[in-house]
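Biologist: Please show the model, and then let us examine it by question and answer.

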Amino acid sequence: MKDIKSLVRGNIASLEPYSTARDEYKGELGILLDANESPFGNGVNRYPSTSLKEQLRSRVADLKGIPAGKLFLGNGSDEVIDLCYRVFCEPGRDNAVIMTPSYGMYSVCADINNVERRMVPLDEAFTLPVAELLQAADSRTRLMFICSPNNPTGNAYNLEAIEFLAQSFNGILVVDEAYIDFSPKPSAVPLTRKYPNLIVMQTLSKAWGMAGLRIGLAIANPDIISIFKKVKYPYNIGTDTIALALDYLQRDIRPQVETIIAERERLAALLPSFKCVEKVWPSDANFLLVKVSDPRGLYNALLRQGVIVRDRSGVKGCEGCLRLTIGTPEENLKLEKTIAEYES
Ligand SMILES: *Cc1c(COP(=O)(O)O)cnc(C)c1O
């Protein structure tokens, strides 16, 4: 395994980060004439408080059982994905290995940053192509993206395979665990203790029910976290967002997660009884990938009844497939009824 510092772009390694007014003076009491804010109080006239953000970071770190120094909070996981490219990949020179089909942002961020992407297809069973992923990498490969449980296929990968990649790959392995809360498989987070080249991404957008807040997590060794903090926009998470997240994190989401898992299993067992359904893949996430005889026809029939699903039939490896997010039990019932009417 290479030294992490040798993987960071030269200009980023030597970057002198922007220092905010609140970096210089961390207090919040007193007459603040340092940041060119409006002096008239309305709840959000001040830039976000560093201590409130740190409170959120500690709270999330506690929940994840890691020290706060191993946690970065981004403006959604999408900020973390973009930071990976900006920190580790020299545009026009370096490349990233990405499994496909998977989450589209790995590719979009590669394109935005002018980083060559090497797409490695999954087979029909969507197994992790460990050998192919490693073969696709060369001396210019800085990043490898693994999504587990994978979007849109729904399956999660064994930790042994992920550990083997972390061990064998000479770059940064990014494991996206956006759906880990719905999976019985263990998280790769504990592996970050052993592998300094491993970044595990999670999010508050899915099981935690805070997609509207935009908070994504990167869990990695503290060296990587410090570099992310240097490169991110100052104040990347707003005051109200931090406050709401602190509040919502106190709620127990387990009953909701259990309901979604139970509904997922119920639908996975029931959907194959419809004539139009050819295959339902097992899922460790909060959605099901379903192969149907006429994806566009079913999509439109559902749409006419106000049920909106994701048409993935145009995605290579997902031909004929719709992706159905698990809703509330009532919403899922409406889905079932609409499919039944469509068939009759
Ligand atoms: C939904 C999703 C995310 C979450 O992105 P946020 O920017 O945190 O909302 C990340 N990765 C995958 C694979 C997803 O499907």
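Biologist: In which loop is Pro 149 found?

Modeller: This is a predicted model, in which residues are numbered from 1 along each chain as its sequence is written. Local features need pLDDT of at least 70 and side-chain atom pairs pLDDT 80 or more, totals for chains, interfaces and linings use all residues, and side-chain values use heavy atoms, with hydrogens and water left out. Helices (DSSP runs of H or I, at least four residues) and strands (runs of E, at least two) are numbered from the N terminus. On that basis, Pro 149 is found in the loop between β4 (141–147) and α8 (159–168).

Biologist: What is the omega of the peptide bond from Ser 148 to Pro 149?

Modeller: The bond from Thr 100 to Pro 101 is cis, with omega near 5 degrees, and Pro 101 sits in the loop between β2 (95–100) and α6 (105–112). The bond from Ser 148 to Pro 149 is cis as well, with omega near -5 degrees.

Biologist: Which residue has a positive phi although it is not a glycine?

Modeller: The residue lies in the loop between β3 (116–121) and α7 (130–136). Its phi is about 60 degrees, and the residue is Phe 126.

Biologist: With which side chain does the side chain of Ser 187 make a polar contact?

Modeller: A polar contact is a pair of N or O atoms within 3.5 Å; within protein, one must be able to donate a hydrogen and the other to accept it, and residues adjacent in sequence count only if both atoms are side-chain atoms. Ser 187 lies in the loop between β5 (172–176) and β6 (198–203), and its side chain reaches the backbone nitrogen of Val 189 at 2.9 Å. The side-chain partner, at 2.7 Å, is Glu 177.

Biologist: How much of the area that the ligand exposes when taken alone does the protein bury?

Modeller: The shell of 14 residues (a heavy atom within 4 Å of the ligand) has Asp 176, Tyr 179, Ser 205, Lys 206 and Arg 214 as its closest members. An oxygen atom of the ligand is 2.6 Å from a side-chain N or O atom of Tyr 179; for Arg 214 the distance is 2.6 Å, and for Lys 206 it is 3.3 Å. Of the 390 Å² that the ligand exposes when taken alone (Shrake-Rupley, 1.4 Å probe), the protein buries 94%.

Biologist: Which element supplies the largest share of the lining of the largest pocket?

Modeller: A pocket is an open set of points on a 1 Å grid over the protein atoms alone where a 1.4 Å probe fits, with protein on both sides within 12 Å along at least five of seven lines; lining residues have an atom within 4 Å of a point. Of its 24 lining residues, the closest to the centre are Asp 23, Thr 50, Lys 229, Lys 232 and Tyr 235. At least two lining residues each come from α4 (50–64), β1 (71–74) and α9 (222–231), and the largest share, four residues, comes from α4.

Biologist: What is the radius of gyration of the chain?

Modeller: The globule rule, 2.2 Å times the number of residues to the power 0.38, is applied to C-alpha atoms. For 344 residues a compact globule would have a radius near 20 Å, and the chain agrees with this at 22 Å.
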